[in-house]
Amino acid sequence: MTAKAAEMQREVRENAEDYQNYLKDLYSWESEIKVKDELLKKASQSPNIVGEQEFPIRNRKTTQTLNETPCTNSPSFQNSGILTDHQNKQKAALEKNKGNEYFKEEKYEQAIEYYSKAMELDPSDAILPANRAIALIKVKRFVEAEEDCNRSLKLDPSFVKAYHRRGTARYNTGKVEQALDDFKKVLSIEPHNKAALQEFERLSKSSKDSPKSGVTEKSKESNSKKRVSFDQPLTNKSRKAAEIEPIKMAAEIIDLSLKHPSLAFVNEIVPFPNNVKIEPSVQIPIAAVNDSKQESLGIEKILNQFSCGKNIEIKNVEIQSAKTVDVIPSPPKNYIQFQQDWTRLEKSSDFQYKYLKQINPTKLPDLFRESLETDILGGILKILKKEFFERKEAILPWLTGLSQVKRISAVTLFLSSDQKSDLEYLLTHIQSNSEGSEEERKMVFQKLK
Amino acid sequence: MTNSRILILNEKSVNFTLFCVKWIPCSARLAVLGSHPKGTGVWQIYSLSKGQLELLTEVEKPFAMKCGTFAASSFENRLMATGDFNGNLNLWDLEKPNSAVYSASAHTSIINDIDGVGGINVGKGAAELATCSRDGCVKIWDARQKDRPVAILEPEEGQTRHDCWTVAFGGAYSSSDRLLAAGFDNGDLKIFDLKTMKVQWETNVGNGICSIEFDRKDIEQNKLTVCTLDSRIFVFDLTTKHPNKGYAFARQKAHKSTVWSGTHLPQNRDVFMTTGGNGSLCLWQYEYPSKRSAKATDGSPEGVAGNLKMIHEVGVAEQPITSFNWNADKLGLAASTSFDQTLRILAITKLNCL
């Protein structure tokens with residue numbers, strides 16, 4: 001018994017000793033490791049982090065990933081002649097990023113230099129010659145730009161941007177047909193590419209004489225401030241033509257959802273809807289371009305301001321164009337289209353009537369779905385009353401169609417008293433004229449009352 | 001001379017459910033992850049000084065955090081990768097906790113476990129993270145690729161999806177070799193060879209697998225420790241594969257409850273600690289057999305399992321101990337968390353004698 005007790009005592013004592021030893025050890029370790037910890041923390045804050053991992057991301061063939069991730073450091077590679085292919089690609093990416101930086105700062109010559117360096121390091125990357133091409137375009141070296149685009153396309157025949165840039169370059173060297181071909185190619189790969197659509201429209205319509213150097217393409221990778229520069233400053237042309245061109249340029253840059261680019265006769269300015277972040281002051285000079293060159297140059301200036309820094313916003317905002325009101329828009333495919341067209345035609349009830357006529361009344365529920373707004377409904381009722389009635393045309397099909405629109409009763413609730421009285425009028429009218437069958441009229445009454 | 005013993009250095013109570021504890025590499029700090037009762041996530045950073053825990057920072061996040069690891073970060077940045085209850089994977093810089101360095105909607109359901117390789121000098125090749133989730137998928141991420149995983153391992157269409165409860169990297173002894181082991185709730189164990197992107201081996205251990213770990217991440221496959229429900233521990237010897245029987249394993253019962261985790265000592269690959277649902281800790285040592293492979297009856301070689309020797313067992317809590325982490329810089333220093341909202345700092349003595 002005592003032996004056991006003694007043993008237990010011994011164990012307890014040894015445990016206690018172990019514990020104390022461990023603690024002492026721990027404390028000294030703690031101080032050491034804290035020093036190391038602080039060093040590491042400091043190291044992580046300094047800019048020269050050992051960043052780049054040498055190993056590629058799984059499944060990635062090239063170091064294309066380096067294109068996207070910002071380069072936070074530039075590890076100093078030793079310039080030995082035995083740099084591996086991989087390291088070369090990394091170096092190329094660094095040079096490319098530098099080039100991109102300069103491009104953004106509009107220092108195109110330097111950007112070109114860096115892109116050239118990158119191209120030497122990585123001759124297999126199709127992006128690099130394309131980047132150099134756009135930089136060359138910026139400094140109007142169109143022939144070289146086209147060559148670079150050719151290089152890029154040799155490396156990657158499906159590189160859309162290269163086609164786009166080659167189109168621009170070609171156009172500016174007078175190879176209009178070939179430029180159009182390139183844009184066609186872009187559109188065949190990316191049918192929804194707005195910038196390309198614009199370019200294509202413009203090129204196919206514009207005059208075949210002196211090439212313009214307006215840079216209207218929007219390069220997606222650079223958020224650079226774009227300047228619209230008029231290379232041939234309007235001296236060669238007639239004043240009228242001169243006026244037309246800047247207007248065209250203006251309108252094209254402004255209007256991206258343009259469907260009818262016939263902008264030659266801007267007589268009215270249709271006010272921009274409220275969701276556009278453009279100062280209203282921009283509109284005025286455009287309208288006033290009828291006279292002196294001064295004014296047109298005025299536009300040039302405003303455009304410079306205007307397009308600076310707002311490129312991206314413009315891109316993403318759907319704006320109403322300064323459109324002529326001579327043309328009735330085609331029948332709408334959805335409610336938004338209808339609403340836009342309808343509000344545009346507000347000035348002329350005749351046009352609204354014509355527009356409405358294009359639509360099949362039975363298709364109204366489908367067109368409006370659940371988006372019909374009270375104002376629009378009010379407008380339609382007004383037109384129905386005014387124009388249809390005057391021309392003694394059937395109103396019932398329209399009312400039937402409207403009555404079948406979802407939640408129409410909710411919409412009618414909010415009609416103003418004028419609009420309500422219009423509706424009443426229409427309802428009594430169809431009753432008195434005995435349009436359609438009793439059944440139909442009853443349904444309409446039910447829904448719209 | 002006494003044996004190794006598990007001693008409790010310090011205990012700290014917190015007011016939220018703790019799920020995971022990890023030492024911050026090359027420091028005397030540790031991070032605990034968990035969730036508040038209201039469902040928001042929280043992590044706390046403690047510093048160990050003179051054996052006492054000091055709270056350095058506490059950060060709250062919208063979703064409860066389930067698991068975390070530093071294993072894919074470099075020593076310089078020591079970013080913490082976390083998986084939360086909402087299926088999001090985030091990489092955090094602990095100095096700037098307001099916005100994640102990397103963020104991805106990794107899974108549609110809770111991320112059960114996360115593991116990393118290639119960072120903090122463990123494992124060769126690119127630094128990658130693996131997450132597994134209740135949605136049955138295992139996804140591999142590289143912080144350089146945004147939003148999308150670099151690999152997805154999921155059951156085929158039509159097959160039943162089992163919760164994947166745990167993942168572990170291993171076999172990263174060269175820049176192209178890598179293995180990933182995954183354990184599922186029905187006892188499925190799969191080892192994927194990431195070089196060939198194929199299942200290298202699979203088996204079923206009969207009970208849901210709570211924890212799985214290769215004894216080392218950066219060597220050719222050697223041993224794999226599997227902890228399951230129903231108080232079982234398996235250690236597979238991965239050096240010899242029999243064409244039919246697969247790998248040999250040693251099996252033990254311990255803790256009289258679910259074995260929640262099994263973690264190998266960073267300084268000795270044959271020593272590991274298991275934690276149990278009854279609040280106990282068990283220190284084991286694997287003893288190799290004299291010959292690790294032998295000829296089976298059918299002529300082909302098969303592995304011979306060793307045996308597991310329990311070195312010390314101690315009960316430290318009344319509730320399951322769900323997470324345990326050895327400190328890689330100090331031999332014997334460890335931290336554990338349990339469902340009784342307590343963080344415990346442990347010292348395991350005499351490990352250098354094993």
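This is a predicted model: local features need pLDDT of at least 70, side-chain atom pairs count only at pLDDT 80 or more; totals for chains, interfaces and linings use all residues.
## Two chains and their contact

The contact takes 28 residues from chain A and 41 residues from chain B, where contact means heavy atoms within 4.5 Å. Residues are numbered from 1 along each chain as its sequence is written, chains are lettered from A and ligands numbered from 1 in the order in which they are written, and side-chain values use heavy atoms, with hydrogens and water left out.

**The interface**

About 3200 Å² is buried between chain B and chain A. Carbon and sulfur atoms give 57% of that area. Buried area is the accessible area (1.4 Å probe) that two parts lose on being put together, summed over both.

Charged side chains take part too. The rule finds 4 salt bridges across the interface of chain B and chain A. A salt bridge is a side-chain nitrogen of Lys or Arg within 4 Å of a carboxyl oxygen of Asp or Glu. One salt bridge joins the side chains of A:Asp37 and B:Arg29, at 2.8 Å from N to O. On the side of chain B that touches chain A, strand 1 (6–13), strand 4 (41–49) and strand 30 (342–348) each supply at least two residues. By class, that side of chain B has 16 nonpolar, 11 polar and 14 charged residues. Here Ala, Val, Leu, Ile, Met, Phe, Trp, Tyr, Cys and Pro count as nonpolar, Asp, Glu, Lys and Arg as charged, and the others, Gly among them, as polar.

Between chain B and chain A, 13 residue pairs are in polar contact, both residues at pLDDT 80 or more. A polar contact is a pair of N or O atoms within 3.5 Å; within protein, one must be able to donate a hydrogen and the other to accept it, and residues adjacent in sequence count only if both atoms are side-chain atoms.

**The chains one by one**

Chain A has 21 helices and 0 strands. Chain B has 0 helices and 30 strands. Helices (H or I, at least four residues) and strands (E, at least two) are DSSP runs, numbered from the N terminus. The table below sets out some totals. Buried means under 20% relative accessible area, exposed over 50%, and partly exposed in between (1.4 Å probe, protein chains only). Accessible areas come from the Shrake-Rupley method with a 1.4 Å probe; for residues, only the protein chains shown count as cover.

| Chain | Residues | Buried residues | Accessible surface | Carbon and sulfur share of surface |
|---|---|---|---|---|
| Chain A | 449 residues | 44% buried | about 24800 Å² | 53% |
| Chain B | 354 residues | 63% buried | about 13400 Å² | 46% |

Some contacts link residues with a separation of 6 or more. In chain A, 62% of these are between residues 24 or more positions apart. In chain B, that share is 50%.

**A covered helix in chain A**

Helix 18 (residues 396–403) of chain A is mostly covered, with 7 of its 8 residues buried. Among them are A:Leu396, A:Trp398 and A:Leu399. What do the buried residues of helix 18 of chain A pack against? Their partners in chain A include helix 15 (349–358), helix 17 (374–390) and helix 20 (417–433).

**Two buried residues in chain B**

B:Ser133 is found in strand 11 (residues 128–133) of chain B. B:Ser133 is buried, with a relative accessible area of 0%. A polar atom of its side chain lies 2.9 Å from the backbone oxygen of B:Ile110. Leaving aside neighbours within four places in sequence, B:Ser133 is in contact with residues including B:His107, B:Asp163 and B:Cys164.

B:Asp115 lies in strand 10 (residues 111–117) of chain B. B:Asp115 is buried too, with a relative accessible area of 10%. The side chains of B:Asp115 and B:Lys217 are joined by a polar contact of 3.1 Å. Beyond four places in sequence, B:Asp115 is in contact with residues including B:Thr69, B:Val167 and B:Phe169.

**Two loop residues with positive phi**

A:Arg369 is not a glycine, yet has a positive phi of about 50 degrees. A:Arg369 sits in the loop between helix 16 and helix 17 of chain A. Is A:Arg369 buried or exposed? A:Arg369 is exposed, with a relative accessible area of 52%.

B:Met197 is not a glycine either, and has a positive phi of about 55 degrees. The loop between strand 16 (188–193) and strand 17 (198–204) of chain B holds B:Met197. B:Met197 is partly exposed, with a relative accessible area of 36%.
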